[in-house]
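Here is a short report on one protein chain. Look at the sequence and the model before reading on.

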Amino acid sequence: MSVSESLESDHQLARLLQIGIVLEEVVEARASKHVETVAEETAVAEYMQAAAEESFRHRDQLEELIAELDAETVSFEEIKRLVEATYEADSDFDDVLYDQLCNEETTYKFYDDLIAAIEASDTEFTVSRERLLSMLETIREEEAEGVEAVTRLMEER
């Protein structure tokens with residue numbers, strides 16, 4: 001299952017939303033870890049904390065959508081393998097801001113691809129298409145703002 005495939009069911013949409021949840025978990029976990037390593041850099045630490053909180057909120061929103069779909073979810077381990085194969089960030093970043101930038105760009109790209117796949121699909125999902133796209137577009141915009149915020153922090157260093 002990938003975002004480039006045609007979306008033909010609630011089940012496929014649920015799997016992709018689960019991938020979004022895992023990506024958000026990765027961003028949240030890494031940002032939380034970075035807070036500890038950059039405590040002396042107040043602006044960076046504050047951004048990392050805000051990024052972790054935003055990812056937590058995004059996960060809640062995605063879980064809400066999944067709960068409304070008429071679909072069984074896929075096991076966490078299967079979704080985790082899909083994420084690692086397609087979206088896992090390079091673990092060799094030595095700077096927390098570069099790492100965070102990669103994470104923000106990855107999640108932005110995922111949501112951008114997911115929105116395009118939904119818009120290209122004629123499928124009627126259990127959840128309102130308008131509500132689904134509105135929520136995903138808001139999340140994508142917040143990810144874009146994250147990319148911009150990290151870029152500004154990098155320029156200030």
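Is Ser55 buried or exposed? Ser55 counts as buried, because its relative accessibility is 1%. Buried means under 20% relative accessible area, exposed over 50%, and partly exposed in between, with a 1.4 Å probe and protein chains only. Ser55 is found in helix H2. Setting aside neighbours within four places in sequence, Ser55 is in contact with Glu24, Val27 and Glu28. Contact here means heavy atoms within 4.5 Å.

**Basis of the model**

This is a predicted model, in which local features need pLDDT of at least 70, side-chain atom pairs count only at pLDDT 80 or more, and totals for chains, interfaces and linings use all residues. Residues are numbered from 1 along each chain as its sequence is written, and side-chain values use heavy atoms, with hydrogens and water left out.

**Overall make-up**

The protein chain has 5 helices and 0 strands. From the N terminus on, its elements run α-α-α-α-α. Helices (H or I, at least four residues) and strands (E, at least two) are DSSP runs, numbered from the N terminus.

Of the 157 residues of the protein chain, 48% count as buried. The chain exposes about 8100 Å². Carbon and sulfur atoms supply 46% of that area. Accessible areas come from the Shrake-Rupley method with a 1.4 Å probe; for residues, only the protein chains shown count as cover. Among contacts with a separation of 6 or more, 79% join residues 24 or more positions apart.

**How the helices pack**

Two packed helices are described by the angle between their axes and the distance between the axes. Axes are lines fitted to C-alpha atoms, for helices over the stretch in contact, and angles run from 0 to 180 degrees between N-to-C directions.

| Helix pair | Angle | Axis distance |
|---|---|---|
| H1 and H2 | roughly 160 degrees | within 8 Å |
| H2 and H5 | about 165 degrees | 11 Å |
| H1 and H4 | about 165 degrees | 10 Å |

The axes of H1 and H2 cross at roughly 160 degrees. H1 is therefore roughly antiparallel to H2. Angles under 35 degrees count as roughly parallel, over 145 as roughly antiparallel, 65 to 115 as roughly perpendicular and the rest as oblique. H2 and H5 are also roughly antiparallel to each other. H1 and H4 pack at an angle of about 165 degrees, which makes H1 roughly antiparallel to H4.

Handedness comes next. H1 and H2 cross in a left-handed sense. H2 passes H5 in a left-handed crossing, and H1 passes H4 in a left-handed crossing. A crossing is left-handed if the near helix is turned anticlockwise from the far one by less than a right angle, and right-handed if clockwise.

Which residues form the meeting of H2 and H5? From H2 they include Val44, Tyr47, Arg57, His58, Leu62 and Leu65. From H5 they include Arg131, Leu132, Leu136, Ile139, Ala149 and Leu153. Ala149 lies in helix H5 and counts as buried at 15% relative accessibility.

**The nonpolar cores**

A nonpolar core is a set of buried Ala, Val, Leu, Ile, Met, Phe, Trp, Tyr and Cys residues joined through side-chain atoms within 4.5 Å. The largest such core has 25 residues. Those with the most contacts inside it are Leu13, Leu17, Leu114, Ile118 and Leu136. Helices H1 (10-37), H2 (42-68), H4 (96-120) and H5 (129-156) each give two or more residues to this core. H1 gives the most, with 7 residues. A second, separate core of 15 residues includes Val44, Met48, Leu97 and Val147.

Leu13 lies in helix H1 and is buried, with a relative accessible area of 0%. Beyond neighbours within four places in sequence, Leu13 is in contact with Leu7, Leu69, Leu114, Ile118, Phe125, Val127 and Leu132. Leu13 and Ile118 are 105 residues apart in sequence and 8.5 Å apart in space, C-alpha to C-alpha.

Leu136 has its own set of partners. Beyond neighbours within four places in sequence, Leu136 is in contact with Leu17, Leu62, Tyr111, Leu114, Ile115 and Ile118.

Leu7 lies in the segment before H1. Leu7 is buried, with a relative accessible area of 0%. Leu7 and Glu124 are 117 residues apart in sequence and 9.8 Å apart in space, C-alpha to C-alpha.
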